[in-house]
Structure formats: C-alpha cells, structure tokens
Amino acid sequence: MFIDKVYRKKIKVKREEVFGFALSMGPVLGFALFGLIPMILAIFMSFMDIYGFTFEGAGFVGFENYGTVLKDPLFWKSIVNTLYMGVATFINIALALMVAFLLTKNVRGKKVFRTIYFIPYVCSVVAITVMWQWIFNTNYGIINAIFTPEGQEPVNWWGRADTFIPCLLIMGVWSGTGYGIILYGAALTNVNSSLYEAAKVDGANSFKSFWHITIPAISPTTFYLLITGIIGALQEFARPQIISGSGGPDNVGVTVVFYLYRSAFQYYEMGIASATAWLLAILIVGLTVINFAMSKLWVSYD
Amino acid sequence: MKKLKVLALAMTACIAGSVAMAGCSGGSGAGTKVTFWANCNDVELGVFKEITKQFNAQHKGEIEVKLVSKPGDSYGDTLGLTLAGSKAPDVFYVGDNGYKAYAEQGLLYDITDFIESSTIYKVEDMWSDVTVRYRYDVNTRLTNTPEGRYYGVPKDIGPTVIYYNETLFTGAGIKIISVNEDGLKDFNAGGEDDRGNTKVKLGINGEVKEKGYFEMNGQWYFNNQIPMSWEETVACANKVQSYMRDGLKDKSAYGYFTEWWFNYGWTVGGDCIQQIPTDNEKYTGYYYDFTLMDSTANYIVADDCKEVKVNNKTYKAGQIIEYSDKIDMSAYSSDPAGNVDRRDTYQVTSEVEGLAGEGKLVKLPSQREAFTEFIRLASSTSTVVDNVDGQNLYGYGITPRPTDIGGDAGKTTSFMNGHLAMLVDLRYITATFRNEMDAEYDWDVAPLPMYKKYDEAGNITVHGVEAGHSGSVALCISSKSKVANEAWKFIEYCAGEEGQSLQAKAGFAIPLQEKLANSPVFLDGQNPKNAKIFIDAAKYEGAGDWWYLYNKKWIDNWANVLNGSVRNGTMTMSEFYDCKEYKETFANLLEYSEKKKLSANS
C-alpha cells in the first residue's frame, strides 16, 4: 500500500509537470517563432546585402550595412527625433504622480476621475492620433479656431518642423498619463501610514513627508514607469506615421522604427532594416542597463 | 461526460463532412481556382464583383475566380510579404510605386508571351504611355526598352484634370464657355459651343481668344476646354476664393488645390531627374542627375518653324528640346562620385542659344521657375517663396497645404462640400463626385494649366505643352502561381473590351482602348459633361516621379523639407536649393544605376 502511494504520488507529480510544461510551451513556442527566430534571422540579414523579401542573390557584406546606417544623417536625425518624442515619458511620470497624489485626498468622484484619465490609454492609438490630427488642423482644428486672433494666419501645426513634435508630445501626455495615475494610485495607497505618523511626531511638514517618505516608497513604481516608458518611446512609430506617412516636415516625424520600417517595406532594403533594428536594440539595452545601474542610487525596495 | 463525448464526435463529423463537401465543390466541377486580390473602394469593388461573376459564368466548369477584397493603405506591405511567402494570390493589384521593385525581386510572372499572343489584349489599340510604362528591364532598370518585359497590364488609366465647382463659379459671377481651340473660329462667327450657347446668349461682344479664363466688358469667362495659363489659374482661383470667403462667409475656403508639381514642370519641358550617359564601368551606361531646381532655360521649337535639328536630332514645331540636347553633356564627368554636388554646373549649348537667336527656338522658363510657381500656390501671400534678382516672390495663398487638407479623403471632402472651388485629381474620383455632388452642385472638368503668354491683343506669343500625370494600377500574376494560364485569361478579360466597359460605366476609369474611350461607353452623358477632357489628357499624360526609379528613397529626404520648411514659409527656394537634403540627393541617386546593385538581383 505504501509503495503504491509513493508511486501514485510520483505519477501525479509527473503529470503536473507535463501539464505545466505543456502550458508553458505556448508562450515559449510563440516567442521562439515570432521573437527568437526573427531576431536570429535579423542578425544574419544585417550582414547581408538583401534586396526584397528573398535571400536569392543575397551575399555577405560584413559590417557594410551598419556602416551605411551609421553614416546616414537621417538615421542620426531619427535618433534625435525619437529622443525628443521620448520627453513625453518624463512629463507623463511627473503629471501622473501629481494627479494620483491629488486623488488620494478625499476628492468627490475620484473613481470617475481615475476612469476618465485611464480611458485614453485603452483607446486605439489610431483613433486618438486621427482625433488629435484634426484638433491641430490648420483650417478646421479647434485649437486654431480658439487661439487664432482675427486677421492673423492660423498656425500649420503639423506642417511646421518646430511644432510637429510638440504636438505629438501633447498628444502623448494626454493619452499616456492615465496608466501612471493608476499605478501610482496603487503605490500611494500601499505606503506604510505609520511612517507618516512617525514623521508627524518628529515635526515634518507635508512637503517633507512627501519628499522623504512618499517618493522613496513609490520609487519602484517610478522606476518601472521609467523603464517601460523609455523602451516604449524608443519604439515610437505609429503616431508620426499616421500623421505624416512620408516622415513629416523636414523629416522630424522619422523615428528610428519609422526609418527601419521604411527601409524594409518601402525601399526593400532588408539588410539595412535589420542593421537598424540591431542598432536600436543595442541602444535600448544600453539605456536600460544605465537605468538599472542608476536605480541603485534612488530606488528603494524597503 | 458521455453526452459531451457524443457531442464532440458529432461536431467533428460535421466539420469533416463540411471540409469534404467543400473539397468536392472546389474540384473539377467548379474548374481551376484563381485567387484575385483587389485593393479598391466600394464602388470599384462592386464593379469587380460583377466582372468576376461574368467571367466565372463564361468559364463555368473551367475557371473559377475568387475575389478577395483587400482595402487599406497597408496593402502594399501585406502584398510584398505575401508574395514572398507561399500563400500568394494568383492575380492582384500592384500600385505603380511597387511594380518595379516586385518585378526585380522575381515576384511577378513575366506575361510578355501571353500579351504577344493575345487576340484580346492588343497594345496597339491602347493608350501608348500607359501600356509601355509596364515594359521593364530588370537588368538595366530602364522602362520601355526593347529588352523590357511585361510583368503586368494596366487595370485602367486615370488621367489628371481640374474638377471645378460650377455652382461656385456662377456665384462668383463667372460664366462658362465650352469650346475648344478648333471650335473657336466657328463660335466667334456665331456658332454654338458644346453646351449650345452662342456669344449672344453669353453676352459676349468681342472676339473670344484662346484663353482659359478671361475678362470681357467687365464680365469674367471660364472656358472649360482650353487650358488656363499660370496667371489665369491664380486669377480665377482668387476670384472664386474671394466669393467663397467674403460672400459665403467660408473663411477657410480655397480656390484651387493640386499636390503635384508635374503639370508645372513638364509644361515647360523640365523634370526632376535626367539620365546622363557614362562609360564609367561602375555604372550600367548611365547615371542620374538631380534637376528639380535646374535653372537653365528650356526651349521649344517655334510654331512657325516646321522643324529644326538640335544636336543632330530633328525636332518639329511645338516640341520641347530634351535636356540631353540642350545641355553641353561633355561637361558631365564620367565619374559622378567624384563630383557629387553638381548644382549650377551645366550650361545650354551655343547651338541652342544660336537657334533661339534666329527665332527657331523659343525660350521657356526653367524647371526651377516652374517649380517655384507651383510652390507659390500653397504659400501664403505674406510668405517670401524666393528672392530673384533682389525681388521677393510671394505666395498666392490659393491652395491649402497638404498637411491641412488631410490626404486624399480631405481634398475630396473639401471639394464635395464646397470648400474648394477647383481640385486637380485623377479620374477614379468621378464616381464619388457623381454620388455625393450631383444633387447639390453643378460640377465639371477642365484641362490642367499650361504655360502661356499673350500679347496685348490676347494672342498667344509663347507657350509650353499640355502636360500632367496619369495614375494607373497594374494587374499582375504571382511568379509562384500554378495557374498562370487561367490567371492570364482573367486579366485578359478585365483588360479587354468587356471588362473595360464595365469599369467605364461605373465612372472611375477610362477604357484602355482608345476606340472604346471615344464611344458612348465612356462618353455616356453623365457628369462630368466635359468628359472628353480625360481622353485628351490620356494622350499626353505620363507616370509620376515615384514611377521613375525602383523605389522612392531618393525622393523622401528632400520632399519632406520642401513640404515642411519651404511650404511653411520658413525657408526660401534658394535656401532649399542649398540645404543638405537637396545636396545629398545627387549622391543618393547614384546607387540607382550602380552595377553592383543590379548584379545582386539580376
């Protein structure tokens, strides 16, 4: 009987393992097929002169594609554009913290506010972009309708190189802040209230409590928002592409991913596109590593 | 549990049965299956459903075409990837900016033999420019050479014309005349124009000249069969625009919209690139020079000069001298890589200048002047577009900027809603205007502007040529198709008289066959009444610059500066000419004729 029990238990464990393994295979296979294999292929392709969607006629060219990309002024411009658009990440974090903090107070209907703030985040990026495209439209947009003085020429927001990205930043802040508000809302409610009481006893005012207790306590959330925000910002593509499929005025709408996409699907230069993809990956990894290293200085997990 | 198992078994049996049935229906009874991807709007889709239905009925048991609608802007991306994979459709639309690239990648079936042996698809019966643009040599990357092969046939041809809102014109106090150059003499003698109007009816008591827009005794007239000059276009647009803004209180109304410079550049014989022959082994016998802002004058053979020889080539009256004949080509280096910035390097030959001095050739504006004129349309009246000889050239402010109007849908909507008086567009949009405008507005079409100058009596002293671009989409067969013969039969049907008639009736296309286009099939009395303008345009209009080379990479860089700072008034044309994006284009163009790039794919 005892042996039987042992064997049964063993069999049961094995079945669980098989079941668990089978369940985990879904995402693993998904990653292998749509993540790992394309990544490996992209490495090979980045060293090849590939025209179009076939390996036929392709040959190894060493680092030539990387050289071509790095020598292209438009690639460097695309990095500057991407980083500029990425400024929205920092504004989002600051604004989200401010709004979330206000919502911890006894504000009437704060759940409604949270929902309203979160709605843009779950909306289709295409719908939001088209909406903002019309808001900033020169002739029919509400911004110019309100702010253009009589007799003055309306501003061509999307047509000017100096206003194109600021418009995108406004759009990004409007649609991206809600996510941070929700995360910060949760983080703020989890801050140990005894710390505030102790600080109060020690004579700390509200600002000091916020600066010395709240900010360190929610720093893991800030760090998470920063990392995911920066990675997301470096992959910016859809919004500038919807607004100006050709790359925007003076090429200010050309982000790194836009540059990559255009190389691959409009110019059919797969080698160049793959090299760009790997350069972008290196940039993202580099910035993330720096972020993690810096996080030791300001992120507190206590 | 048992019930569940029974249910599962029953469902499995049903699915298996359906699959088996589907297999049977797709077998020999229905004939060979041909998959067809169409990337079009609802009107066109309806027509192609009808074409497919009729074709299937005619080939019952032999061929069955399955139409799959693939709408959307990302069609090109989807198609390229699908063609490279194993699930490629047999027949599909290819836009003119993807055709050459797909052909070079070996994704398209070479249908030259099919065309040459066809009794239905006859190239000689069709508009020459639209058929030959599909004859492409993947080795030299040149179009319409004897070695070129056909990888597709035009689905249709869509020339560009001016669509104008006649209700707004009338409101602005402009009367419409509809008579062409040949009919002017008769009209001036008291005859009727194409609308049955006489000079008396229209209140004209003077000689009507060959003008598109003119004033006589305080009354303005618009002749919808004669091209306007550049000045007339601006004047006419301003007149209607003022009426719309001041009379109708539509503050954001505009008089004219075009997004293409081709009409302006080509009417004086200019172009954005030119082919330069070279014996440099690095290239395949030629390379491209960037001439978008070439400031050398153009020349046309005088009307009273029967013919003239330039650079040993004979030109007839009214023909513009080609770039390679007007410029001293010996000044071009055989190694362009060593002389990348070639701006303002070349001169008109003394032979051409001599012939101009003799009056055999007449001087026309340079490509730069023509291009500047185009830019002035959308620039505001306070914007300095350029400074020429110390004199500021300001914008005209008659055209909304492309970013404001919001792409194809925006310009169409603006015109349909009466916010735009004139719109330069392709034929395909006619069907939409019929549906959306006929109830509210009178509208018609007119020829594109043309470079013209008049003397004080209103007679033409200098003129360019009628020019513009026509759009076309190809029907192609996948190189991987196992049913290429059947696929060709379907394409042959679409491009033949039956298929073309159905497309023409729906309004979005002109039949490929010239004879059919000149018949009631196309000239069916529906709006636009002046439809023969499309037929005239189809004779001389060619493909746009995105068709010149195998991709648009050489265009995007400078075009974004042009559509950005230049058109927003923060950069003059002279500054644009000196900007790095403009200068980089010379080097970017070189790769399009390098042997290395070609050999990798040939």
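Domain bounds are taken from an automatic or database domain assignment. On that basis, the centres of domain 1 and domain 2 of chain A, taken over C-alpha atoms, lie 37 Å apart. The model discussed here is predicted.

**Domains of chain A**
- In chain A, the assignment places domain 1 at 2–45 and domain 2 at 65–298.

**Domains of chain B**
- In chain B, domain 1 is made up of 2–157 + 472–547, domain 2 of 160–258 + 399–463, and domain 3 of 263–370 + 552–601.
- The centres of domain 2 of chain B and domain 3 of chain B, taken over C-alpha atoms, are separated by 32 Å.
- Where these domains meet, domain 2 of chain B contributes eight residues and domain 3 of chain B contributes eight residues.
- On the side of domain 2 of chain B that touches domain 3 of chain B, six residues are nonpolar, one is polar and one is charged.

**Contact between chain A and chain B**
- Contact between the chains involves 29 residues of chain B and 30 residues of chain A.
- On the side of chain B that touches chain A, the elements giving two or more residues are helix 3 (75–84), helix 15 (402–405) and helix 22 (553–566) of chain B.
- Helix 22 of chain B gives the most to this side, with nine residues.
- The side of chain B that touches chain A comprises 14 polar, eight charged and seven nonpolar residues.

Methods: Residues numbered from 1 in each chain as written. Chains lettered and ligands numbered in written order. Predicted model: local features only at pLDDT ≥ 70, side-chain atom pairs only at ≥ 80, totals over all residues. Contact = placed C-beta atoms within 7 Å. Nonpolar A, V, L, I, M, F, W, Y, C, P; charged D, E, K, R; others polar. Helix = DSSP H or I, 4+ residues; strand = E, 2+ residues; numbered from the N terminus.
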